[in-house]
Amino acid sequence: MNTHGTTQPNKSHIPAEILSATASLTDLEVARLLGCSPSALRNARSFKKGPLKDLPYFKFGRSVRYSPKDVLEFQQRFRVEPTSLDAA
């Protein structure tokens, strides 16, 4: 909103749903979300080892970016549902 309380138009003329769908995360941002180091992500990509090797990414020249949707789906693969047997 501007100072008059009205919403300003999107200057890029790209719909918000497209912008959010194309948002991307850096190595540092993904490392913080996953609780690992950026170098762990880089090593997993380079050497294709460990669970992080399965995390999809985009490569633009030397720049690497991750889709927030892909990161969330990756996290869900490691979700553990507690059961009454686990509590014992």
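Leaving aside neighbours within four places in sequence, which residues is Val30 in contact with? They are Leu25, Leu41, Leu55, Tyr66 and Val71, where contact means heavy atoms within 4.5 Å. The views below show a predicted model, in which local features need pLDDT of at least 70, side-chain atom pairs count only at pLDDT 80 or more, and totals for chains, interfaces and linings use all residues. Residues are numbered from 1 along each chain as its sequence is written, and side-chain values use heavy atoms, with hydrogens and water left out.

**View A. The largest nonpolar core.** This core has 11 residues: Leu25, Val30, Ala31, Leu41, Ala44, Leu52, Leu55, Val64, Tyr66, Val71 and Phe74. Helices H2 (27-34), H3 (38-47) and H4 (68-76) are the elements that give two or more residues to the core. A nonpolar core is a set of buried Ala, Val, Leu, Ile, Met, Phe, Trp, Tyr and Cys residues joined through side-chain atoms within 4.5 Å. Buried means under 20% relative accessible area, exposed over 50%, and partly exposed in between (1.4 Å probe, protein chains only). Helices (H or I, at least four residues) and strands (E, at least two) are DSSP runs, numbered from the N terminus. In soluble globular proteins, nonpolar side chains tend to be buried together.

**View B. The buried face of H2.** Asp27, Val30 and Ala31 are the buried residues of H2. Seen down the helix axis, they fall within an arc of 100°, so they line one face of H2. The arc is taken from the directions from the helix axis to the C-beta atoms. The cover over these buried residues includes H3, strand S2 (63-65) and H4. Gly35 follows H2 and has a positive phi, near 75°.

**View C. Asp27 and Arg45.** The side chains of Asp27 and Arg45 meet in a salt bridge, 2.9 Å from N to O. Asp27 lies in H2 and Arg45 in H3, so the pair ties together parts that are 18 residues apart in sequence. Both residues are buried. Arg42 joins Asp27 and Arg45 in a network of salt bridges. A salt bridge is a side-chain nitrogen of Lys or Arg within 4 Å of a carboxyl oxygen of Asp or Glu. The whole structure holds five salt bridges.

**View D. Two further salt bridges.** Lys69 forms a salt bridge with Glu73, with the closest N and O atoms 3.6 Å apart. The two residues are four apart in helix H4, and about one helical turn separates them. Lys69 is exposed, at 56% relative accessible area, whereas Glu73 is partly exposed, at 40%. Asp54 and Lys53 also meet through their side chains, at 3.4 Å from N to O. Asp54 is partly exposed at 41%, and Lys53 is partly exposed at 40%.

**View E. Rings of Tyr57 and Tyr66.** Rings of Phe, Tyr and Trp (its six-membered ring) pair if their centres lie within 6.5 Å; planes under 30 degrees apart count as stacked, over 60 as edge-to-face and the rest as tilted. By this rule the count is three aromatic pairs. In one of them, Tyr57 and Tyr66 have ring centres 6.2 Å apart and planes at 55°, so the pair is tilted. Tyr57 is partly exposed, at 35% relative accessible area. Tyr66 is buried, at 1%. Arg45 lies over the face of Tyr57, 5.4 Å from the ring centre. A charge sits over a ring if NZ of Lys or CZ of Arg is within 6 Å of the ring centre and within 35 degrees of the ring normal.
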